[in-house]
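Let's take a walk through this model, one part at a time. Have the sequence and the 3D view open as you read.

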Amino acid sequence: MTGCMDSTLVPGLSNTAAMSGEVGMIVNVKFDLPAEAVLIPVIRCQVDALLQHMGVTEDDVYRAGIVVTEACSNVVRHAYAEPGQRYRVELEYHAERLVVTVTDFGRGFDACDVPEPSLGQIGGYGIYFMRESADKLEFSRPGGTGTRIEAEICLHYRSDEALDFARELDRS
Amino acid sequence: MEIEVAQHEQTIIRVSGEIDLSNVGDLRTALDGSVEGSPRGFVVDLTEVGYIDSAGIAAIMSAYQRLTSSGGKLALVITNAYVRETLALIHTEELSGLFICDDIPAAERVFSGE
């Protein structure tokens, strides 16, 4: 349960595991990093490595990669007017779902104002890709500043053994 | 990500690796150069690309718009199922002048007979 307690380090971060009454979380990773594009593939590789190693299907690994990449890109491109700012990424890996929470402290935006992309348009696909790839997606502005993107990806496994192993770790 | 531009009958931009916001500038530079140099259109070979994000898609759409506004065409060679799926998300099949091909010969046929 240390992972759940850790999440209080990020102000306003919801405690999904506690709310749903789950007893465990396999891995909880937090990144506090500069809002620079160069680090986006590093975060994606971490997600990829974790899920691949645990036997999650290629489909779900790819979807998780899209979600984390687009959420981070959104911060790097839009959150801050000035360079040198930071943001946070938290990964909560449970046997049957991955929760990705990306929090910035910038100017914030309302996802409802972002329209669906029209055919052939140049850019503006990031939030649409996240919506299409995540099983749950929430945007909020905790404390009235910045933006928090919380996305959930339901996980499936390449074998029953891999799922059983993950469930066992989840309970431990 | 690595980019190589080759001149055959058509210009072919061969990209390998993963495309995202961290390296899309290089892709955009290669695409812009080919839009200038090959206004009738060219081939982008994404066979060796394992991942493309919204920034990469935007760079390709920008090249597509510039080419087709003056009657050109863009042919993309894609074999990776996920990269194909990402393109399908934005309904590329409905875009005239944009061709998604299985291999280089198919992409070159887009321009033959002109």
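What order do the five strands of the open sheet in chain B have? They go β1-β2-β3-β4-β5, and the pairing is mixed.

## Before we start

This is a predicted model, where local features need pLDDT of at least 70 and side-chain atom pairs count only at pLDDT 80 or more, while totals for chains, interfaces and linings use all residues. Residues are numbered from 1 along each chain as its sequence is written, and chains are lettered from A and ligands numbered from 1 in the order in which they are written.

## Chain B in outline

Chain B has four helices and five strands. Helices here are DSSP runs of H or I with at least four residues, strands are runs of E with at least two, and both are numbered from the N terminus.

Of the 114 residues of chain B, 46% count as buried. A residue is buried if 20 or more other C-beta atoms lie within 10 Å of its own, exposed if 12 or fewer, and partly exposed in between, with C-beta atoms placed from the backbone. As for contacts in chain B with a separation of 6 or more, 71% come from residues 24 or more positions apart; a contact needs C-beta atoms, placed from the backbone, within 7 Å.

## The sheet of chain B

Back to that open sheet of five strands. Its edge strands are β1 (2-7) and β5 of chain B, each pairing on one side only. Neighbouring strands are turned by 20° against each other on average, direction ignored. For angles, axes are lines fitted to C-alpha atoms (for helices, over the stretch in contact), and values run from 0 to 180 degrees between N-to-C directions.

β1(B) pairs with β2 (residues 11-19) of chain B in the antiparallel sense, over six bridges. Two strands count as paired if DSSP finds at least two bridges between them. In this pair, B:Glu2 stands opposite B:Ser16.

One residue to look up is B:His91, in the loop between α3 and β5 (98-101) of chain B. B:His91 isn't a glycine, yet its phi is positive, about 60°. B:His91 counts as exposed because it has 12 C-beta neighbours inside 10 Å.

## The sheet of chain A

Chain A has an open sheet of five strands too, in the order β1-β2-β3-β5-β4 and with antiparallel pairing. β1 and β4 of chain A are the edge strands, and the twist averages 10° from one strand to the next.

Now for β2(A), residues 86-94: seven of its nine residues are buried, so the strand is largely enclosed by the rest of the structure. β2(A) pairs with β1(A), residues 27-34, over eight antiparallel bridges, and A:Val29 has A:Leu91 as its bridge partner. β2(A) and β3(A) also run antiparallel, with eight bridges, and a hairpin of two residues joins them. There, A:Tyr87 stands opposite A:Asp104. Seven bridges then join β3(A) to β5(A), where A:Thr101 faces A:Glu150. Lying across β2, β3 and β5 of chain A is α4(A), which runs at about 5° to β3(A).

## Where the chains meet

The contact takes 21 residues from chain A and 19 from chain B. On chain A's side, α3 (40-53), α4 and α5 give two or more residues each, and α4(A) gives the most, with seven.

Which residues of α5(A) are buried? In this helix (126-133), they are A:Gly126, A:Ile127, A:Phe129, A:Met130 and A:Ser133. They sit on the same side of α5(A) because they cover an arc of only 160° around the axis, judged by the directions from the helix axis to the C-beta atoms. Their packing partners include α2 (54-69) and α3 (81-89) of chain B.

Key: Contact = placed C-beta atoms within 7 Å.
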